[in-house]
Amino acid sequence: MRWIIRVIGALLLIVVIMLGALFLLPGERIARIASEQLSRMTGREVSITGDVGVTLWPVLGVTAGGLEVGNADWTDKGALLTAANAAIGVDAGALLRGEIRITNIAAQSPVIRLEQRLDGRASWQFTDSASGARIETESAPSASRRPLSIQKLTVTDATLIYDAEGADLLRYDGVNLALDWPERGGAAEITVSMAPASEPVKLAARIEGFADFLEGGVQPLRAEVATGGGEALFDGRGALNGALAGDIRIDSPDTARFLASLGAGTVTLPRGLGRSVDLRSGLTLTADRRLSLRNLTVDLGGNSLTGQADLALNGTPRITANLRTGALDLSALSEESEQAAGADSTVTAETEGWSRQEINADWLAAFDGNIALSAESIDLGQLDLGPTRAVLRNERARMVFDLQDMNTYGGKVAGEFVMNNRDGLSVGGKLQAQNVQMRDLLEDTAGVTRFTGAGDAELSFLGWGSPLTRSCARSAALAR
């Protein structure tokens, strides 16, 4: 019995000595060594400022009044991370051996600034993407760099700023981020939550070989974004510079809600044209933000499309797409046009004249590119079209709808419709119809059934103004 008491006493003495040693460790010294280690790990200048204190619970380490991580040397827009309150955890066993080994970092209400250049350089990369060499600084030469390894990273209530060259500045407040990386050679789990609009958005990702990923390597990656209106899932491979290759899936029962939760504002979509979205595609995204979709299949809530698309996302988006569909139902557009016409007639009756509300065509400058569409048939509500091939071209706010071949009412129709908003809005177009059955056409468009026979027709029109206050039209038709 006496030896048991002695063993327990010895253990208690060891615990007291260990706790005393921890209490006697100066917090400033731990903070200084920790900042030096972080600088060597990242290749960036890391400074810990303000009041520094030692903590034993819930994590052994130090708390600091300020933490700042320097940005890449090619930018002058501020630090990568700035936090007014931070906590750094260290390994207790290593600390008793006289070593400082960082295990976790927690930052409260930091400002995180992420920048990306067109050449692929990104401020969150700790290697130079152009040469593959490690970034060197005077305070942290590459010869003394240590591999980056932090088991846990927790960021709460952050302000996230994303500044991509050639794109609009993005800013998100109230961002929470957690990194769980138990083994340096293993995978990392990352969760992010934010609310760009009224509803929360959650991102969960798993990256295999996270250490190699941080050094610029390509690793298996799986990520999921979930909101109240739907979810998007990516499964493939990726690199720290933003390059991705794999499969993407989007399931959105309520696309308007999904886009609004991502900060896109109020979006109204016609029936059958995206109120719900079920998309599957192979995806490739390069470091310079060029997106390719292959083997694309998408259901827009009644209308299905297949094909491929390429998007350049620097500056004004440029789209090149080749899409195919079977029976395309666009009758909802006709229904909405009739509703709008009814509303306009009410306004006209009340004001006793034409509406003078300005036509806003700024959306014509939203993208450039070419979109080709082939359909087995098209239902326009009042008109039923057979096999149709058309190309939509948009260049610097001038959109051309080129109707290359359309089979309808026993004949063929071709032509183009143009909207130009480069210097005030103007619209125009030309249509040619050959061997069209006039009775069926006039019955569907005007309710007239007294004409029969096949006919050829030509129509041209032009309107301009700011808004359309002046217009002229010319038409000619020949029936036989």
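**Phe 210 and its surroundings**

Me: Leaving aside neighbours within four places in sequence, which residues is Phe 210 in contact with?
Reply: Phe 210 is in contact with Leu 179, Trp 181, Gly 186, Ala 188 and Ile 190, where contact means heavy atoms within 4.5 Å. This is a predicted model, where local features need pLDDT of at least 70 and side-chain atom pairs count only at pLDDT 80 or more, while totals for chains, interfaces and linings use all residues. Residues are numbered from 1 along each chain as its sequence is written, and side-chain values use heavy atoms, leaving out hydrogens and water.

Me: OK, how many residues does the largest nonpolar core have?
Reply: It has 69, and Leu 38, Leu 67 and Phe 210 have the most contacts inside it. Helix 2 (residues 27–42) gives the most to this core, with 5 residues. A nonpolar core is a set of buried Ala, Val, Leu, Ile, Met, Phe, Trp, Tyr and Cys residues joined through side-chain atoms within 4.5 Å; buried means under 20% relative accessible area (1.4 Å probe, protein chains only).

Me: And what does the second core include?
Reply: That separate core of 12 residues includes Leu 328, Ile 378, Leu 385 and Ala 390.

Me: New topic: is Asn 394 buried or exposed?
Reply: Asn 394 is buried, at 1% relative accessible area. It lies in strand 20 (residues 388–395). Strands (E, at least two residues) and helices (H or I, at least four) are DSSP runs, numbered from the N terminus.

Me: What lies 3.3 Å from a polar atom of its side chain?
Reply: The backbone nitrogen of Met 399. Beyond four places in sequence, Asn 394 touches Leu 364, Phe 367, Asp 368, Gly 369 and Met 399.

Methods:
Buried means under 20% relative accessible area, exposed over 50%, partly exposed in between (1.4 Å probe, protein chains only). A polar contact is a pair of N or O atoms within 3.5 Å; within protein, one must be able to donate a hydrogen and the other to accept it, and residues adjacent in sequence count only if both atoms are side-chain atoms.
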